[in-house]
Amino acid sequence: MSEEIFDFLKIASSAEHFYNIQKNTYTLHSLEKSCSYPDYEKSARFCMDMLKKCGFQQVERIAHAADGKTASCDLIMPEAWELCKRSFLEIVTPQVAEYDKILADTDINPAAANIWAAPTPEGGITAEVVDYDTLDEENPDVAGKIVLFTQNKYFGHIYTKLIKHGAAAIVLSKFTAEIDEPDAVYWFNGLGNFGWYRTAEDGKLPVFSISPIKARLLKELLAKEKVTLHGEMNTRLYEGEIYTVTGIIPGESSEEYALLAHMYEPFPGDDALGAALAAEIGSVLTASGKKPRKTLRAVLSMELFGFTAFLMSNDRYKNVAAALSLDGFTHRCSSDISLRLSPVSSPFFGDFFYKDNGMKLLPDAPWGEQAGNLSDDTFGGDSMTDIPTNWLYNKSGVYHHNTGTGFLPHWVLTRERFPMLADTVLQLISRKSFPDYTNEAIADYRKNIDAVLSNNELTAGEKSFRIKVFCQYNIDRLESVKKFADYEFDAQKLYALRDQTIANLPEAEALSDTDKELSQLAVERFEAGCPSSLAKIPLPERRTFDSPASRLFFALCDGRRTVLEALLTTEAALNTRSTQQQHENLIEHLQYLEKYGYLKINCK
């Protein structure tokens, strides 16, 4: 290993870098914990200063409309929101003890006012509370009432239903982390009807978030008697702005490697810490005095929505060759290191390099990996943008979006793992050569083959198709090294393994009539991403389908693959399998999207 490359690890191990990470994490968190957009103005400016101090150049703040209307890749940015002053929810039923009456108070925990909650009328509301678990789901009797909802499932469509039936307000809680975090409050940011967020057209109610211990108390009281609550939500929703903060450290090439870390969430470890890590990797590079082969770019923005708006504006994505997400790395929820692999729609050798370099530096760490699925943090691997994105993170499990201790930074792990992180990123963009990863590709391919052959639910045709998919995926990952360095490899061993395996399979079954139709169709999309907010469709005409058209499926719809090929490739990559009824629904789903101008269906 050359001295030039080795220096990164030594420099990153300095106590000064660790101190900067801690300081910047806590400062950024202090500016964002209220989730108020006026505070986001301050946090964006802080991030600009942070990047400049770490050696980034051409630092800029780019505004995006936060109006509940403006869409990028069919992601409608939610409205700006502000917690104006103390908001609270209390029990007014007389026989309840005084110390039990306060259920939610933003002076104690700002997350008690759920983000994007609508304001109550002046003076608040006083109303009976009902437990959603006891209601008729099809026709809930909630007119003029406050609804307690504690089920652990997506809430968006239920929210819309409660508005339709005249609910006055909503109280949300989760019991998933009740034993360990009974006093913590969940941050329910995904309440959209279509897509993750509610739009300007969607109705909104005052939404209070309460702790599991308070929710248990309320459920127990409701089981015995009628309970009345008084709530005041002092918030406002308005047309405002949210920001992307970005800057570069120039390399020999204008091609960029991007570090992605999201802002605008109320947790030090999710993801104020990620933003601080991204900036400090730049500080290590600056301190080294070395000029990398690829330009290093930091992108700090709103998760998925802000990144998409940034990448798709002014063709900015065209210089980004690949990316790494730093969302939720070294928080306290777990000590594992999970590597999210590049998606089959945009394969990348970073899968091999991060395992190789990272595990050499931290051989005793609990490493794991997950298939690339174009999650909110790895969405760039769409075939239309082709930004393969890895993601290093600690799993959060039941603690996700919980204001308890789980999303506090684990500083012991951070101190231990930051040097590995910085060294691996900076070696990736600086090396003139890389090891031959053919054997690693073959080993991964053998694991894929074993998993396919042992899956008794698959037909012979599906097994053959998946074995071909995984062969090409591994070859494409090896081929991608050429984007970063001179590289030669021999794919013949992979092809030979593919052919030998397929030769031992029974003859493929005949396709169903539906699958024959899917094999004759291809999709031409008009923009990257997956239709989710349905921004082009009038609100009364928006609908969902029980269809296997996931984000990865659309990423594979490149106009060349047939719909069946895109579907089967998706299922291979994610180890899923859809029904024939869902295949029929897929045709209807695509026709629906074609009607509103999202895509064009062509016959092959």
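Ala 63 stands opposite Tyr 243 in strand S13. The two strands concerned, S1 and S13 (residues 240-249), run antiparallel and are joined by eight bridges. This is a predicted model, in which local features need pLDDT of at least 70 and side-chain atom pairs count only at pLDDT 80 or more, while totals for chains, interfaces and linings use all residues. Residues are numbered from 1 along each chain as its sequence is written, and side-chain values use heavy atoms, with hydrogens and water left out.

**The eight-stranded sheet**

- The open sheet has the order S1-S13-S15-S14-S16-S19-S17-S18, with mixed pairing; strands are DSSP runs of E with at least two residues, helices runs of H or I with at least four, numbered from the N terminus, and two strands pair if DSSP finds at least two bridges between them.
- At the edges are strand S1 (57-66) and strand S18 (367-370), each of which pairs on one side only.
- From one strand to the next, the twist averages 20 degrees; axes are lines fitted to C-alpha atoms, for helices over the stretch in contact, and angles run from 0 to 180 degrees between N-to-C directions.
- Helix H7 packs on this sheet, touching S13, strand S14 (256-263) and strand S15 (295-302), and its direction makes about 165 degrees with that of S15; contact means heavy atoms within 4.5 Å.
- Helix H10 (residues 411-430) also packs on the sheet, where the strands touched include S14, S15 and strand S16 (320-325). The direction of H10 makes about 145 degrees with that of S14.

- Beyond its neighbours within four places in sequence, Leu 296 is in contact with residues including Phe 56, Tyr 257, Ile 281, Leu 285 and Ile 429.

- Strand S5 (residues 88-91) pairs with S6 in the antiparallel sense over three bridges, and Glu 90 has Ile 102 as its bridge partner in S6.
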